[in-house]
Amino acid sequence: MAARPERRAALSRTVEADKRVERTLGACAAGVLALIAVMLVTVLVNAWPSFSANGLSWFGSGGDPVTQFAAMQTDTPLPGHSIDYFRAWPLLWGLLLTTIFAVVIALVISTLAAIFITEFAPTPVRRVLDPVVRLLAGVPSVIYGLVGILAIAPWVNEHLISNARRQSVAYVVQLSGADLTTATLILTVMILPIMIALIANALASVPLSWREGSAALGVNRWRTIQRVSLRGARPAIAAAVVLATARALGEAIMLAMVSGGRPFNANPLDGLTFFFEPVETPATAILKEFGGETGTPVAHAAYALAAVLLFSAALLSFAGWAVRQSMRSYGAV
Amino acid sequence: MASTQLLDAPPPGTIARPKRETTAAWPLVDRLCHAVCWITGIGLCLVAAWIVLYMLVKGISALNLKLFVESPAPSLRERQSGGFLDPLIGTFIITAIGVGIAAPVGVGIATWLTEYARPRWLARTVESGIETLAGVPSIVLALFGLLIFARGFFSFLSASTNGGSVSGKSFLAAGLLMAVLALPLIVGTVREALLQLPSRTREASFALGKTRATTIRHVLLPSIRPGIAGGVVLGMGRIIGDTAIIVVMLGAAPKLQGAGGPPLLSTLRGTGSTLTSYVYGFSPAGEGNSPHKAYAAAFVLLMIVLALNALVTRLSRGLSLGSVDWTAKQ
């Protein structure tokens with residue numbers, strides 16, 4: 001009898017401990033939100049001087065970002081402009097080109113590869129492909145960059161760029177093999193694994209009965225994949241595109257190594273030469289131009305570029321969320 | 001298959017084999033698509049094989065044991081620029097700090113999300129927050145870190161000049177950022193593992209009068225140990241492979257530079273390099289242009305990544321991919 005109150009006290013103590021654990025873990029989780037908020041605020045605050053000095057034309061074209069960065073670094077404003085003068089269009093154009101090309105090519109290849117893995121590959125081949133996809137996902141971007149600049153760029157330079165082509169644009173830009181083609185190619189390989197994994201998973205989780213129903217109607221295997229599996233996996237394919245785009249946006253190191261390192265406005269009107277012109281993306285520009293001193297005009301421009309990247313990443317993750325909502329209404333996954 | 005063979009009782013001397021599915025009856029377009037699928041799959045293997053073999057050949061020919069025990073030296077001549085002992089140590093330090101922070105926090109957040117998740121709106125927001133964090137480019141993370149860790153409040157993390165300005169660049173600061181980078185991966189994997197546990201595991205523990213905290217500590221976490229290990233190894237791979245944060249947060253010098261003070265703390269608060277930033281620095285894109293050193297370091301890096309990959313494969317038994325059995329009897 002006398003033990004009763006003691007036991008009750010012990011019980012309330014364990015319940016207290018339980019609540020304390022919940023509160024601690026919850027605080028950790030909320031810390032993530034605080035971190036994101038602080039990140040958004042600090043980056044935007046540091047980016048603001050560059051945005052406010054240039055207005056909306058910050059996103060427009062006008063001059064070469066390299067000279068603009070150089071002017072900021074040497075503290076000599078370009079004639080007729082303020083020290084914060086910056087036009088990001090060549091960088092944004094480079095970002096659009098590399099990202100769109102890589103994602104579109106990777107979408108086609110990854111869909112085919114995912115179909116192969118889930119449907120056609122014999123078990124031994126599948127057993128090889130699984131680790132291969134994981135390997136491609138795990139290779140650090142700096143190794144991709146190294147292979148790109150020491151193996152692929154020289155090859156492109158030697159075999160794909162003719163001397164006539166080189167001379168035809170020699171007065172504006174030097175073609176070296178480190179260009180849009182090389183950058184897109186390697187970026188494609190880098191974003192492939194994540195897309196393959198997602199699409200293969202979705203294809204495999206399309207209900208078996210749907211596929212068997214189609215097969216029972218006498219539809220052959222390829223048509224079944226095309227009409228039933230791929231349609232069922234559409235939300236996952238969209239999610240894969242979103243994730244791959246996010247990955248391609250932020251790639252800095254690999255592109256800094258292979259994309260030619262000049263914010264050149266690659267011009268589609270140049271015909272085939274277009275594919276051999278160098279490009280530069282915002283992430284690469286940050287890496288190259290920003291030395292680490294905060295509070296300077298260079299830093300403001302770099303943080304403005306970072307803010308654009310951060311905003312795009314947030315937008316993409318929202319898009320991914322919206323896609324998954326639609327997936328829920330499909331009833332799949 | 002064996003049982004049907006017994007039932008059908010094939011005549012002696014012949015072996016009943018299941019019919020292979022043929023594409024002969026398909027329309028030409030479908031057969032072409034089928035062929036393209038095969039080409040893509042095989043091509044993927046070839047690309048991976050080429051990358052590994054290329055690094056293997058170039059790496060091994062550039063590698064010698066001296067590289068592992070020598071510190072990098074500032075020299076334009078490739079012969080005198082030393083080895084990559086310091087970057088190896090740097091990689092080790094960064095990974096240890098990053099995983100050391102990200103693993104407990106990540107497991108904590110994942111358990112909160114699956115086991116408590118109260119209030120509901122907070123859990124939903126945290127979930128999408130983690131996703132947003134996974135999408136933040138590492139260069140943006142690095143820029144953010146540069147601002148945050150240069151504040152006086154964080155002066156204990158890095159070296160500061162006599163004037164009182166904090167540099168914000170140190171192994172500790174970079175390691176913290178790496179933890180942020182690895183966090184979404186760890187949370188995702190652990191969460192997946194927790195969700196796959198059958199609810200009767202929890203119910204049995206609750207029925208014995210255990211609290212949630214005790215259940216998590218003594219029942220749930222021990223039973224998802226492979227999942228936790230898988231997440232941690234994935235996070236390690238991500239940390240080891242990241243370059244942008246290192247290049248921004250530790251600078252370009254490949255040698256370890258202590259910040260002064262007690263020996264270990266001095267290194268941690270100082271700057272240096274990791275294998276990734278070493279490869280970047282010694283590639284034609286960086287300052288010390290000596291491709292052989294870059295190849296050798298990249299080879300070591302790739303071997304570490306391959307080992308981690310094999311570990312992940314062993315930990316998770318791989319994707320189980322279901323498909324229709326098209327060879328079944330019609």
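Tutor: In α6(B), the buried residues are Ser138(B), Ile139(B), Val140(B), Leu141(B), Ala142(B), Leu143(B), Phe144(B), Gly145(B), Leu146(B) and Phe149(B). A residue is called buried if 20 or more other C-beta atoms lie within 10 Å of its own, exposed if 12 or fewer do, and partly exposed in between, with the C-beta atoms placed from the backbone. Helices (H or I, at least four residues) and strands (E, at least two) are DSSP runs, numbered from the N terminus. This is a predicted model, in which local features need pLDDT of at least 70 and side-chain atom pairs count only at pLDDT 80 or more, while totals for chains, interfaces and linings use all residues. Residues are numbered from 1 along each chain as its sequence is written, and chains are lettered from A and ligands numbered from 1 in the order in which they are written.

Student: Why is α6(B) described as largely enclosed by the rest of the structure?

Tutor: Helix α6 of chain B covers residues 138–149 and reaches 16 Å from its first C-alpha to its last. The helix counts as largely enclosed because, of its twelve residues, the number that are buried is ten.

Student: Which residues is Ala306(A) in contact with, leaving aside its neighbours within four places in sequence?

Tutor: Two residues are in contact if their C-beta atoms, placed from the backbone, lie within 7 Å. Ala306(A) is one of the residues that touch the most other members of the largest nonpolar core, a core being a set of buried Ala, Val, Leu, Ile, Met, Phe, Trp, Tyr and Cys residues joined through C-beta atoms within 7 Å. With those sequence neighbours left aside, the contacts of Ala306(A) are Val43(A), Ala47(A), Ile286(A), Val140(B) and Leu143(B).

Student: Which helix of chain A gives the most to the side that touches chain B?

Tutor: The contact between the chains takes 77 residues from chain B and 85 residues from chain A. On the side of chain A, the most is given, with 19 residues, by helix α1 (residues 3–54).

Student: Is Asp75(A) buried or exposed?

Tutor: Asp75(A) lies in the loop between α2 (65–74) and α3 of chain A, and has a positive phi of about 65 degrees although it is not a glycine. Since there are 10 C-beta neighbours inside 10 Å, Asp75(A) counts as exposed.

Methods: Expected span 1.5 Å × (residues − 1).
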